[in-house]
Amino acid sequence: MTALHLRSQSRMPRARAAMTPAPWRSLTRAAAAASVVAATVLLTGCAATVVMEPAADSNNPACAGVIVRLPEFAGDLEQRETNAQATAAWGDPASVFLSCGVPVPAPSEMDCVEVRGIDWLRDATEEPLTYFTTYGRDPAITVAINGATVSGRAVLEDLANSVSTVPQERSCLSRVDVLNEQ
């Protein structure tokens with residue numbers, strides 16, 4: 001037997017398919033195609049979702065204003081879908097995490113950095129993950145950034161337009177400013 005002859009023998013089941021009514025074959029193919037598409041969408045959706053917990057004040061209307069204005073990219077990392085209200089994440093694997101509605105910080109001795117008009121309290125106790133929390137804004141926003149993956153300053157610059165929609169009520173003071181006030 002030649003290879004051509006073997007190929008034609010492997011097509012023998014076509015005769016059975018020809019006996020199946022045409023509409024039923026079309027429905028079967030359509031159902032199979034729909035199942036594959038649905039499974040692909042479900043698997044893709046699950047893989048892209050970052051699991052996070054909403055903050056206590058995540059239902060604050062100001063958080064909605066922040067979230068809808070978030071950039072598609074932060075520090076060159078693409079935004080990912082999250083499963084919690086007033087949260088966002090960027091990178092694959094996720095390296096930047098934003099949560100709006102966290103407790104508003106009181107005056108602190110933590111380092112305060114200003115990026116594009118926004119004061120951020122910096123907590124680097126869990127490096128390479130560094131936490132930046134807005135100071136003087138209610139609701140407060142925390143951004144956790146993996147410094148081994150992306151520049152914290154670049155991320156905060158990219159988020160500034162969104163975060164600035166929450167009005168600033170207080171500003172950070174330098175240690176020198178505090179000493180001069182006493």
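A residue counts as buried when its relative accessible area is under 20%, as exposed when over 50%, and as partly exposed in between (1.4 Å probe, protein chains only). By this criterion, 32% of the 182 residues of the protein are buried. The model is predicted: local features need pLDDT of at least 70, side-chain atom pairs count only at pLDDT 80 or more, and totals for chains, interfaces and linings use all residues. Numbering starts from 1 along each chain as its sequence is written, and side-chain values use heavy atoms, without hydrogens and water.

The protein has six helices and nine strands. These are DSSP runs numbered from the N terminus (helices H or I, at least four residues; strands E, at least two). Of the contacts (heavy atoms within 4.5 Å) with a separation of 6 or more, 58% join residues 24 or more positions apart.

The largest nonpolar core holds 25 residues. Such a core is a set of buried Ala, Val, Leu, Ile, Met, Phe, Trp, Tyr and Cys residues joined through side-chain atoms within 4.5 Å. Trp90, Val143 and Leu159 touch the most other members. At least two residues each come from α4 (61-67), β4 (87-90), β5 (96-102), β7, β9 (140-146) and α5 (152-163). The largest share, five residues, is that of α5. Beyond its neighbours within four places in sequence, Val143 contacts residues including Phe97, Trp120, Phe132 and Leu159.

Strands β6 (residues 111-115) and β7 (residues 118-126) pair in the antiparallel sense over five bridges. Pairing requires at least two DSSP bridges between two strands. Glutamate 114 has aspartate 119 of β7 as its bridge partner. Two residues lie between the strands of this hairpin, where arginine 116 takes a positive phi near 50 degrees.
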